Amino acid sequence: MKTSAHRRRSGYILFELVIALTIFAIAALGLARALNQAAETANLLKRDQIIRIGMRNFLEEIRRKPITEMSTSQMDTTYGVTYTSNTEPVALRTTRGDTLSDIYNLTITATSSFDGVPEEATLNVYVYKSAQQ
């Protein structure tokens with residue numbers, strides 16, 4: 001025959017087990033949430049890296065072209081990024097007051113969308129294109 005002390009002890013063990021499982025479930029949920037955030041951050045960093053590399057490649061292609069062909073647009077269908085370039089002549093003066101000619105401001109814009117939110121990155125560089133090219 002079981003005594004009331006024995007019944008209380010077995011009920012107490014069950015209560016401890018429920019508390020331990022609850023604490024474990026909360027810890028596992030927190031860990032899963034942290035891993036999810038880490039994965040999202042890694043995806044954002046990877047996307048930014050892809051856009052930077054794409055802008056660099058687009059810059060290398062564009063700056064080899066004649067000035068009349070430097071303003072263009074190109075779509076990267078793999079990642080859904082549109083690269084657009086635009087050139088504007090720049091008038092720079094030397095310390096002696098001479099005007100430098102044939103220098104252009106090349107602006108490259110990468111436009112993409114992530115989770116329905118449009119994103120844009122811009123790169124500005126000066127390029128020299130002599131009138132003889």
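Buried here means under 20% relative accessible area, exposed means over 50%, and partly exposed lies in between, with a 1.4 Å probe and protein chains only. Keep those cut-offs at hand, because at 63% relative accessibility R64 counts as exposed.

The model you are looking at is predicted: local features need pLDDT of at least 70, side-chain atom pairs count only at pLDDT 80 or more, and totals for chains, interfaces and linings use all residues. Residues are numbered from 1 along each chain as its sequence is written, and side-chain values use heavy atoms, with hydrogens and water left out.

## Overall layout

Let's start with the whole chain. The protein chain has 1 helix and 4 strands, and from the N terminus on its elements run α-β-β-β-β. Helices (H or I, at least four residues) and strands (E, at least two) are DSSP runs, numbered from the N terminus.

How does the radius of gyration of the protein chain stand against that of a compact globule of 133 residues? The globule would be near 14 Å, but the protein chain has 31 Å. This radius is taken over C-alpha atoms, and the globule rule is 2.2 Å times the number of residues to the power 0.38. Along the principal axes, the C-alpha atoms fill a box of roughly 110 × 40 × 20 Å. Buried residues make up 20% of the 133 residues in the chain.

## The helix and what follows it

Helix 1 covers residues 4–62 and contains T22. T22 counts as partly exposed because its relative accessible area is 40%.

With a relative accessible area of 37%, I19 is partly exposed. Together with Y12, F15 and I23, I19 makes a nonpolar surface patch of about 410 Å². Patches are made of residues with over 30% relative accessible area and no salt bridge; like charges are joined within 9 Å, and nonpolar side chains (Val, Leu, Ile, Met, Phe, Trp, Tyr) within 5 Å. The areas come from the Shrake-Rupley method with a 1.4 Å probe, and for residues only the protein chains shown count as cover.

Now for the charged side chains. A salt bridge is a side-chain nitrogen of Lys or Arg within 4 Å of a carboxyl oxygen of Asp or Glu, and a search of the whole structure finds 2 of them. E60, R63 and R64 are linked in a network of salt bridges. E60 meets R63 at 3.9 Å, N to O, and meets R64 at 3.1 Å, N to O. At 30% relative accessibility, E60 is partly exposed, and R63 is partly exposed too, at 42%.

Which order do the strands take in the open sheet? The 4 strands have the order 1-2-3-4, with antiparallel pairing. The edge strands are strand 1 and strand 4 (117–128), each of which pairs on one side only. Neighbouring strands of this sheet are turned by 25 degrees against each other on average, direction ignored. Axes are lines fitted to C-alpha atoms, for helices over the stretch in contact, and angles run from 0 to 180 degrees between N-to-C directions.

Two strands pair if DSSP finds at least two bridges between them. Strand 1 (residues 73–76) is joined to strand 2 (residues 81–93) by 4 bridges, while 11 bridges join strand 2 to strand 3. Some bridge partners are listed here.

| Residue | Bridge partner | Strand of the partner |
|---|---|---|
| Q74 | Y83 | strand 2 |
| D76 | V81 | strand 2 |
| E88 | N105 | strand 3 |

Both hairpins have a glycine to look at. The hairpin of strand 1 and strand 2 has 4 residues between the strands, and G80 takes a positive phi near 70 degrees. Strand 2 and strand 3 form a hairpin with 5 residues between them, where G97 in the turn has a positive phi of about 95 degrees.

What is the phi of D102, a residue other than glycine? Its value is positive, near 65 degrees. D102 has its place in strand 3 (residues 99–114), and at 24% relative accessibility D102 counts as partly exposed.
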